[in-house]
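Keep the sequence and the 3D view side by side as you read.

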Amino acid sequence: MSAPQSDALPTPAAMLTEALVLALTAPTDEDVDRAVALAENIARACSEFEIFAAKRDALRRLNMIGGAANGN
């Protein structure tokens, strides 16, 4: 049985968090440039607080991934 799906669209802040994670984990310089451009475009639709929160959330997610990868 699959998890229930939401029809709600992600917020600009949630999309910015995803774009920041992509930018920080992209395997090539070209992919980094694309993700940064995407993040910059999405950030235009966000408030300063949303941008701060997206940065914080992206770093938290990366810390969780790094901690799991290192056995922490």
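The largest nonpolar core in this predicted model has eleven residues: L16, A19, L20, V21, A39, I42, A43, C46, A54, A58 and L62. A nonpolar core here is a set of buried Ala, Val, Leu, Ile, Met, Phe, Trp, Tyr and Cys residues joined through side-chain atoms within 4.5 Å. Buried means under 20% relative accessible area, exposed means over 50%, and partly exposed is in between, with a 1.4 Å probe and protein chains only. Helices α1, α2 and α3 each give two or more residues to this core, and α1 gives the most, with four.

Before going on, a word on how to read the model. Residues are numbered from 1 along each chain as its sequence is written, and side-chain values use heavy atoms, with hydrogens and water left out. As this is a predicted model, local features need pLDDT of at least 70 and side-chain atom pairs count only at pLDDT 80 or more, while totals for chains, interfaces and linings use all residues.

Now step back to the whole chain. Its secondary structure comes to three helices and zero strands, in the order α-α-α from the N terminus. Helices (H or I, at least four residues) and strands (E, at least two) are DSSP runs, numbered from the N terminus. Of the 72 residues, 24% count as buried. Among contacts with a separation of 6 or more, 68% join residues 24 or more positions apart; a contact means heavy atoms within 4.5 Å.

How confident is the predictor? The chain averages a pLDDT of 88, and 83% of the residues score at least 70; pLDDT is the predictor's confidence in each residue, from 0 to 100. Where pLDDT is low, the predicted coordinates should not be read in detail.

Turn next to helix α1, residues 12-25. Its 14 residues reach 20 Å from first C-alpha to last, close to the 20 Å expected at 1.5 Å a residue; the expected span is 1.5 Å times one less than the number of residues. Its buried residues are A13, L16, T17, A19, L20, V21 and A23. Leaving out residues up to four places away in sequence, T17 touches A54, D57, A58 and R61.

M15, also in helix α1, has another setting. Its relative accessibility is 35%, so M15 counts as partly exposed. Beyond residues up to four places away in sequence, M15 touches P10 and I42. The C-alpha atoms of M15 and A43 are separated by 9.1 Å, though these residues lie 28 apart along the chain.

A43 brings us to helix α2. Leaving aside neighbours within four places in sequence, A43 is in contact with L16 and I51. Which residues of α2 are buried? They are A35, A39, I42 and A43. Seen down the axis of α2, these buried residues fall within an arc of 95°, so they line one face of the helix; the arc is that of the directions from the helix axis to the C-beta atoms. An α-helix has 3.6 residues a turn, so residues three or four places apart point the same way. On the other side of α2, D29, D33 and R34 are exposed.
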